[in-house]
Amino acid sequence: MKHTIWFILLQFLPVIPRYLRASSLLSLLAAGVVSAQEIRENGSLPPVWDRADVQWTQPDTRIRTYITASRIVWKSTDNTAYIRDAENLLRPGTGQSILGSANVCRLISDDREHPAILLDFGKELQGGLQIITGQGSKNTPVNIRVRFGESVSEAMCDIDGENGASNDHAMRDFTLSLPWLGVTEVGNSGFRFVRIDLLDANAELLLKEVRAIFVHKGIPFRGSFRCNDERLNQIWNIGAYTVYLNMQEYLWDGIKRDRLVWLGDMHPEVMSINTVFGYDGVVPKSLDLIRDATPVPQWMNGISSYSLWWIIIHRDWYYYQGDKAYLSEQKQYLTQLMNHLLTKINKNGQEQLDGNRFLDWPSSENPQGVSAGLQALLTMAMDCGGELFTVLDDARMAAKCKDAAALLRKYRPAHNNSKQGASLMALAGLMDAQEANREVISVGGSRNFSTFYGYYMLRAMAKAGDYTNALNRIREYWGGMLDLGATTFWEDFDLEWMKNAARIDELVPADKVDVHRSYGNYCYQYYRHSFCHGWASGPTSWLSEYVLGVQVVEPGCRVVRIKPALGDLQWAEGTFPTPHGILKIRHDKQPDGSIKSAIDAPAGVEVLRD
């Protein structure tokens, strides 16, 4: 029987993507379904590898794409004695060095001048750099300095201990030797811009090609969103792309920094993944990584709220994907964590979470607001626990969670004008959503929004029925980053930063403010600030959930409610990935204000329409 299964799989092997094929083959090997000989014969490993060797391999689920620079931003000199034919670096490459010196960029130094060049690869990306050198006149290795940057100014800066630039999480500033005729691949960071300096005096460097190595998942964007406002369309796409870049072997917070799995950061990312890609193994792999590294009673990532997010993510992941077998694997840890959390509620229903009490960085200086948010988050986690234990047929634990949620709702902390705290309180049912929106969230427009908790502010505004205002916050706040040249959303942002600011994709004029060098707080000061941070992707899932109106009612999208809220939009359309196939939606506002909808649901999905 097992060989019959293997034969069937072989028939489809050519059309299965490499990143799925490699991991699947190793899983089949481990299960005894296939032999090492069969894997070798079908091209996964060369025949010199035997079974003992195969068990130590780990496949990479990502692909590599080489990208030629789109423009030359800057040259250290226009003197052709030092830099010649730089435009050749904008020609499509082959990745192969050849004899001769035609169609190359020449960097030539003397005792006084060391030429340098700055390239733009068009979009933020995760990966490295491929440098192909030509046959120079001296036929000796040449030393260069490479600087990666998420902004032009970061690629032009030095690591000086004061401007935030560092090699802490990924090498962004380093030197290396290049062969006089060969291919060198180097680097592993998040960047858009690269500066190359010739370091040696009296040297010649022939650059045939300098290409970015884009390392990414290579998976389709199955979800989509379009409406009559192109700015919102762009924001949806940029949010999706921001998360996509962070979907590496694990789900990172940022591709330059920290390149780690942070559970709180993951919730907006997972909601965007549900919206754009559907199921992807990077989510359970990352959830399990932190679970296994954090025995109870430790807090995940050292932050109590992040253990709460682990529970909430599991609830949402199960509802969107419907994988009960995976959820069942979490029962033991979930039980231990929930029992521990039950000890963090006093008799009055007030949370008593210890350790690092944290929501997001901008709210961290408002401890009363943080306490309000933690009260709400713990309430939401207990609600989710009640649902999950019901699914897992554990009535005793489900009752414990439901009773705890009811007790927590008896205590109503003061939000202290924290938009983060008030938003969570509204979502948890600890505060009337319209009151929270009117008195806190909408006060000052986008002032005091944050890239992470902005998602929950938008959700609370939707709960209050304030859709047009929410759309305006998306246009203004997330759109502000795009107005400054961003191609991904940032770790933090403040509209005040836009005053007299230069774009991040240009050299900073003397009379303009360098946004990257001038701003940032806490752990992300100045050039250390991450300009591709997955927690900032909230508008992507929000637009699909509220404007397209896709609300999952039963696990695995078996039942989905379509409840559109167009706000000031005239029409919206898009797709939504479900485990059963793609859901297609179109809404048009009629002259009387009503909405006419066309919905095409795949078999297995029941659609409820309000």
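The legends below describe close-up views of a predicted model. Residues are numbered from 1 along each chain as its sequence is written, and side-chain values use heavy atoms, with hydrogens and water left out. Because the model is predicted, local features need pLDDT of at least 70 and side-chain atom pairs count only at pLDDT 80 or more, while totals for chains, interfaces and linings use all residues.

Figure 1. Cys157 has a relative accessible area of 6% and is buried (buried means under 20% relative accessible area, exposed over 50% and partly exposed in between, with a 1.4 Å probe and protein chains only). Cys557 is likewise buried, with a relative accessible area of 0%.

**Figure 2. Helix H19 and the residue that follows**. Helices (H or I, at least four residues) and strands (E, at least two) are DSSP runs, numbered from the N terminus. Helix H19 spans residues 538-547, and because 10 of its 10 residues are buried, H19 is largely enclosed by the rest of the structure. Among these buried residues are Trp542, Leu543, Glu545 and Tyr546. Just after H19, Gly549 takes a positive phi of about 85°.

Figure 3. Rings of Phe, Tyr and Trp (its six-membered ring) pair if their centres lie within 6.5 Å, and planes under 30 degrees apart count as stacked, over 60 as edge-to-face and the rest as tilted. A search of the whole structure finds 31 aromatic pairs. In one of them, the ring centres of Trp262 and Tyr306 are 6.3 Å apart and the planes stand at 85°, so the pair is edge-to-face. Trp262 is partly exposed at 22% relative accessibility, while Tyr306 is buried at 2%. Trp309 and Tyr453 have ring centres 6.5 Å apart and planes at 75°, so this pair is edge-to-face as well. Trp309 is buried, with a relative accessible area of 0%, and Tyr453 is buried at 0% relative accessibility.

**Figure 4. An aromatic cluster and two charges over rings**. Phe449, Tyr477, Trp478, Trp490, Phe493, Trp497, Tyr519 and Phe531 form one aromatic cluster. A charge sits over a ring if NZ of Lys or CZ of Arg is within 6 Å of the ring centre and within 35 degrees of the ring normal. Lys285 lies over the face of Tyr250, at 4.6 Å from the ring centre, and Arg315 lies over the face of Tyr319, at 3.8 Å from the ring centre.

**Figure 5. The largest pocket**. On a 1 Å grid over the protein atoms alone, a pocket is an open set of points with protein on both sides within 12 Å along at least five of seven lines, and lining residues have an atom within 4 Å of a point. Grid points are joined across faces, edges and corners, and a volume is the space filled by probe spheres set on the points. About 690 Å³ of space lies in the largest pocket. Of the 26 residues that line this pocket, the closest to its centre are Arg315, Asp316, Arg459, Glu545 and Tyr546. Elements that each supply at least two residues of the lining include H7, H16, H19 and strand S11 (550-554), and H9 gives the most, with 6 residues.

**Figure 6. Surroundings of Thr184**. Thr184 is found in strand S8 (residues 182-198) and counts as buried, at 14% relative accessibility. With its neighbours within four places in sequence left aside, Thr184 is in contact (heavy atoms within 4.5 Å) with Leu129, Gln130, Ile131, Leu176, Leu178 and Pro179.

Notes:
1 Å grid on protein atoms, 1.4 Å probe; cavity = no way out; pocket = protein on both sides within 12 Å on 5 of 7 lines; lining within 4 Å.
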